[in-house]
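Hi there,

Here is the structure I promised to pass on to you. Have a look through it first, and then read my notes below.

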Amino acid sequence: MNPVPTSMAVPPAVPFVAASAISKSYGGAQALRDAALCVLPGEVHGLVGANGAGKSTLIRILAGLTQPDTGEIAIEGRPAAIASPHEASGLGMSFIHQELAFVPDMTVLENIMLGLPKKKTRLGLVDWAAIQRDVAPIIERVGITAPLDAAAKSLSTAENWLISIARALVWKARLIVMDEPTASLSAGECRKLFSIVRGLSASGVAVLYVSHRLDEILDLCSRVTVLRDGRSVAVLDGPDLTRRRLVQAIVGGAVEHLSKARDAAPGEVILSVRGLRRLPRVAQASFDLRRGEVLGLGGLVGAGRSELARLLYGADRPDAGGMKIEGRPFAPRTPAGAVRAGLGLVPEERRTEGLLLGKSIAFNLSLGNLTPLLASPVLPFISPRKRARLAQATIHDLSIKARSPEQPVGRLSGGNQQKVVIGRWLRSKPKILILDEPTRGVDIGARGEIHRLIRELAGQGMAVLVISSEPDELPDLCDRVLVMAEGRIVRELAGADLTRSAIIEASYAATEERVPA
Amino acid sequence: MSDAGYTRRLSPSTRAALGVFARYGTIIGLLVMILVFSFLSPHAFPTYNNFINVLSQASLAMIIAGGLTMAVIVGELDLSVGYAASLHGVLVTGLIVANHLPIPVAVLIELALGALIGVVNGVIVTKLKVNSVIATLGVGTVLVGLSFAYSAGVPIVSGVPESFLQLALGRWLFGIPNPIIFMALVFGGLWLLVERTAIGQEIQAVGGNPAAARLAGINVDRIKILGFVLSGMCAALTGTLLAARLGSGTTNAADSYLLTAFAAVFLGSATLRDGEFHILGTLIGTLIIVLGFNGLNIFGAPTFSQFVFQGAILIVAVGLASLGRSLAES
């Protein structure tokens with residue numbers, strides 16, 4: 001028997017998914033033009049690109065949620081027309097979307113089996129005992145530790161991710177598509193997810209991993225497809241797969257760096273917070289915020305930062321402690337009261353808390369600040385012409401990519417939607433602006449623009465408080481950073497001490513101190 | 001992830017055609033109905049007198065539907081409007097006949113009382129966090145009880161002054177029946193309020209996304225209460241005009257307006273906009289329903305057919321509205 005030449009030992013793998021020349025337009029907007037994607041069996045394949053580059057559209061096409069105008073898709077070498085999500089799962093694909101789909105009141109096991117064929121007893125009833133036996137190895141493999149009869153709503157976001165992965169495995173998916181899996185996970189939970197992803201890949205399940213976080217992409221993926229303006233502009237692997245090459249491909253030009261030059265020294269204290277508490281999440285918070293300053297609030301997910309922001313904003317009321325704005329006591333009972341006192345908020349969940357997706361850009365920009373739109377100072381009527389003109393000006397100032405001020409805001413990309421939420425506060429000029437995760441799910445280009453905008457607002461004398469879970473973001477953006485852990489402000493960092501590693505170290509330090517040796 | 005149902009698998013041209021149907025279907029339906037009735041009954045239906053007559057009849061339902069639109073725009077339902085209107089009819093007659101109050105004073109008291117009922121509904125819904133279906137059904141049932149307590153279920157018929165009847169039967173301006181004038185004033189006012197004032201923007205925002213409206217600094221509870229107040233005041237006006245038209249205050253007289261108003265409001269949400277409630281839509285919605293009734297009447301269609309018509313049109317209306325929404329989202 002002749003030895004097989006080594007070059008022949010590895011047959012050219014038939015891709016699990018090969019999509020080519022995919023084009024899709026929505027109305028006038030071309031979401032994809034001749035895009036291609038090829039995922040090999042068992043590989044972790046990255047999909048990156050700026051917001052609006054076409055990632056979601058490509059995934060929606062694979063999932064059978066929308067149909068391409070042109071192009072071909074082959075699954076394991078066979079041409080496939082994916083007409084519905086049902087057919088997509090029939091072809092061995094499973095999709096885990098950013099917004100997790102689970103039924104809060106059903107149990108872990110019921111959620112894992114949701115929509116899947118179930119074993120029946122002779123009487124035709126669902127045989128949960130047998131199902132539980134069958135599913136046990138998969139539960140073990142993905143590391144679900146919660147009891148199977150616990151309600152899904154009692155679990156953390158990370159554990160619900162595990163449920164979705166388990167569902168995909170029960171279904172024997174050959175490709176699992178994960179859309180921004182780490183957006184709402186803490187660092188520890190991310191590490192756990194990564195090891196599961198690696199395990200999936202080792203057992204022959206391909207993963208299409210969509211993320212803005214390039215560190216994760218570089219860490220996990222063997223090959224990466226980069227989309228830009230609806231085209232697949234690069235497929236990087238091996239030595240080509242570097243952060244620099246990725247960023248170049250995503251941006252398509254030189255990357256602008258934010259100059260950290262400060263326009264003005266921070267002014268007098270405008271907001272002072274003393275001993276603010278609302279258990280269980282906020283144990284003790286005291287700090288000062290100055291005019292013209294960008295103050296960062298760092299820490300892990302669940303450290304109490306968003307809950308602290310809710311207290312400042314009057315969405316919740318503190319158990320103890322107090323606040324002053326410009327020396328006067330400030331105890332907002334509602335967000336409306338906080339706005340009257342001079343606060344503005346860019347909330348964490350822009351789609352559900354920040355915007356009316358069905359309404360126009362102009363409507364969303366004017367929300368909560370309607371006085372400038374009045375046709376005359378005496379009558380209560382607003383002028384549609386004035387509204388359109390002001391909206392057009394804001395769209396121009398913030399370079400929001402939109403066809404007209406009347407376009408529904410739900411049709412914009414994430415970065416542009418975020419600019420609309422920020423734009424709302426541009427005209428009313430609050431004294432204090434709180435931004436909760438301002439660049440989550442936003443692409444690199446728009447992120448730079450949003451950062452510049454925040455610095456500009458501070459330059460005009462606004463006091464800005466930025467909450468961010470990305471340690472990279474705060475050192476670039478902020479004059480000073482407070483790190484929260486377990487409901488307390490554990491460290492203040494400024495000047496040369498303000499680094500990414502210092503923030504991370506402080507976030508974890510407090511947690512470790514609590515653990516008995 | 002919003003699932004747009006079967007609409008996402010349609011070709012662009014089918015989708016465009018469906019879009020036109022979802023947005024303009026009600027208006028097309030209205031025109032077709034007018035044409036068909038005119039053709040079948042050229043002497044009775046398409047006359048100025050019939051139209052004025054129909055519009056005058058329709059005005060009471062329109063006013064109550066206009067008010068209900070305000071409640072549904074802020075994202076709540078108001079099931080008390082029919083019962084409230086009945087109570088107002090009984091009370092206003094009582095105030096005039098038994099208490100000898102001047103008519104304008106009696107009417108103003110009713111409007112204030114309507115606003116008060118709205119405040120009660122609104123406070124129960126926003127502060128006690130009771131689902132608006134339950135809250136307004138409960139309040140409405142209490143109102144039925146109050147109405148019986150006041151009149152013992154006996155219609156107040158004797159001693160109703162002619163001048164009160166003139167409120168509904170008179171033609172004070174250009175020979176147009178008064179109810180039409182009242183209806184036009186109510187609709188003009190509500191349209192201006194919703195579409196052209198700052199409060200109207202807040203009303204739309206609260207209905208569209210209460211969480212976002214709250215965080216943008218809008219007092220969501222106050223806006224919702226305002227929606228109920230306007231609904232309550234419109235119910236009071238309808239109840240008063242109905243009593244004037246009937247010449248009596250009768251318990252249950254206005255109860256059936258509830259269903260008509262709901263059908264009109266949902267038909268309206270399927271008109272011109274993608275499943276969004278709005279004042280102009282409600283106007284067209286009510287026209288469809290009352291013209292339909294009128295046509296059926298002219299042909300002497302049996303009573304049961306009117307119920308079938310009203311029930312069927314409600315379902316068609318809601319179907320059209322959700323079709324419009326899913327087309328807009330996909």
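Let's start where the two chains meet. In this predicted model, the contact draws on 29 residues from chain A and 19 residues from chain B. On the side of chain A that touches chain B, the helices α11 (335-340) and α12 (350-354) of chain A each supply at least two residues. Sorted by class, that side of chain A has 16 nonpolar, nine polar and four charged residues.

Next, chain A itself. It is divided into domain 1 (12-92 + 174-181 + 205-253), domain 2 (99-172), domain 3 (266-342 + 431-517) and domain 4 (354-429). Between the C-alpha centres of domain 1 of chain A and domain 4 of chain A there are 34 Å.

There is also a hairpin to find in chain A. Strands β19 (residues 480-485) and β20 (residues 488-494) of chain A run antiparallel and are joined by six bridges. A:A485 has A:R488 in β20(A) as its bridge partner. Two residues lie between the strands, and A:E486 in the turn has a positive phi of about 50 degrees.

Finally, turn to chain B. Helix α8 (residues 198-208) and helix α10 (residues 220-246) of chain B pack at an angle of about 100 degrees, with their axes 10 Å apart. An angle of 65 to 115 degrees counts as roughly perpendicular, so α8(B) is roughly perpendicular to α10(B). In this contact, α8(B) uses B:E202, B:I203 and B:V206, while α10(B) uses B:V220, B:I223, B:K224 and B:G227. These residues divide into four nonpolar, one polar and two charged.

Happy exploring!

How values were computed. Residues numbered from 1 in each chain as written. Chains lettered and ligands numbered in written order. Predicted model: local features only at pLDDT ≥ 70, side-chain atom pairs only at ≥ 80, totals over all residues. Contact = placed C-beta atoms within 7 Å. Helix = DSSP H or I, 4+ residues; strand = E, 2+ residues; numbered from the N terminus. Nonpolar A, V, L, I, M, F, W, Y, C, P; charged D, E, K, R; others polar. Domains from an automatic or database assignment. Pairing = 2+ DSSP bridges. Axes fitted to C-alpha atoms, helices over the stretch in contact; angles between N-to-C directions. Parallel < 35°, antiparallel > 145°, perpendicular 65-115°, else oblique.
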